[in-house]
Amino acid sequence: MTQKLQLTKPSRLSSGDTIAIVSPSSGLANLVPHRVEKGVDALKSMGFQVVFAPHALERDGYISASAEKRASDLHWAFSNPLIKAVICAIGGEHSNQILKYLDFSIIKNNPKIFVGYSDISVLHFAFHSLGLITFYGPSLLTQFGEYPEVLDYTKKHFLAAVSKAEPI
């Protein structure tokens, strides 16, 4: 008989809550500061505060930072009690590199909203194995950094997913 995994849904976001931006894979945030600014402005216009993980804006070739630094950014975000959500800058191809450096007890013991897509799926699967519900969804550079503004559909459904108790 298999044991059913107990899932933990993180606390909902409220106006004024702080979102941390991390770059667990691609280093594109370093190359498109206008998208970073636009994405931050979009999140702030929704009522949130935004902070960047220490290495989120670094770039080492096409990767954001070393695997160790990228993992430490996730530890920083999940262990900080002021941060209520973690959103990825963008996907990429290298999230798998950080798995061996992650202290999964930090993530499991500090459940937070975690949002990203594409290559970030590696982290969604890893966090799900801990029982954490995560959100496959918009990233800072792409959907939140849209020009001229975030699509209404994206904004509506992001807010419904992370700030409401009812299922979408």
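## Around His-94

Leaving aside neighbours within four places in sequence, His-94 is in contact (heavy atoms within 4.5 Å) with Pro-24, Ser-25, Tyr-62, Ile-63, Arg-70 and Asp-119. This is a predicted model, in which local features need pLDDT of at least 70 and side-chain atom pairs count only at pLDDT 80 or more, while totals for chains, interfaces and linings use all residues. Residues are numbered from 1 along each chain as its sequence is written, and side-chain values use heavy atoms, with hydrogens and water left out.

To find His-94, look in the loop between strand S3 and helix H3; helices (H or I, at least four residues) and strands (E, at least two) are DSSP runs, numbered from the N terminus. His-94 has a relative accessible area of 12%, so the residue is buried. The cut-offs here are under 20% relative accessible area for buried, over 50% for exposed and in between for partly exposed, with a 1.4 Å probe and protein chains only. His-94 and Ser-26 are 68 residues apart in sequence, yet their C-alpha atoms are 7.1 Å apart in space.

## The sheet

Now for the sheet. It is open and has five strands, in the order S2-S1-S3-S4-S5, with parallel pairing. S2 and S5 (135-136) stand at the edges with a single partner strand each, so one side of each has no neighbour in the sheet. Two strands count as paired if DSSP finds at least two bridges between them. As background, strands of a sheet pair through backbone hydrogen bonds, either parallel or antiparallel.

Strand S1 covers residues 18-22, and five bridges join S1 to S3 in the parallel sense. Along that pairing, Ile-19 stands opposite Ala-85, and Ile-21 stands opposite Ile-87. S1 also pairs with S2, again parallel, over four bridges; there the bridge partner of Ile-21 is Phe-52. On to S4 (residues 113-116): three bridges join this strand to S3, running parallel, and Ala-85 stands opposite Ile-113.

## Covered strands

Five of the five residues of S1 are buried, so the strand is largely enclosed by the rest of the structure. In a regular strand the side chains alternate between the two faces of the sheet. In S1 both faces are covered, with Thr-18, Ala-20 and Val-22 buried on one side and Ile-19 and Ile-21 buried on the other. S3, spanning residues 83-88, is mostly covered too, with five of its six residues buried.

## Helix H1

Between S1 and S2 comes helix H1, and together the three make a right-handed β-α-β unit. Right-handed here means that, with the strands pointing away from the viewer, the path from the first strand over the helix to the second runs clockwise. S3, helix H3 (residues 104-109) and S4 make a right-handed β-α-β unit as well.

H1 itself (residues 33-45) has 13 residues and reaches 18 Å from its first C-alpha to its last, close to the 18 Å expected at 1.5 Å a residue; that expected span is 1.5 Å times one less than the number of residues. Which residues of H1 are buried? They are Val-36, Gly-39, Val-40, Ala-42 and Leu-43. These residues cover an arc of only 160° around the axis, which puts them on the same side of H1; the arc is taken from the directions from the helix axis to the C-beta atoms. They pack against S1, S2 (49-52), S3 and helix H5 (152-163). The face turned away from this buried side carries the exposed residues Pro-33, His-34, Glu-37 and Ser-45.

H1 lies across S1, S2 and S3 and runs at about 145° to S2. Axes are lines fitted to C-alpha atoms, for helices over the stretch in contact, and angles run from 0 to 180 degrees between N-to-C directions. Just after H1, Gly-47 takes a positive phi of about 100°.

Asn-30 lies in the loop between S1 and H1. Is this residue buried or partly exposed? Asn-30 has a relative accessible area of 35%, so the residue is partly exposed. Leaving aside neighbours within four places in sequence, Asn-30 is in contact with Leu-57, Glu-58 and Arg-59. Asn-30 and Ser-64 are 34 residues apart in sequence and 7.9 Å apart in space, C-alpha to C-alpha.
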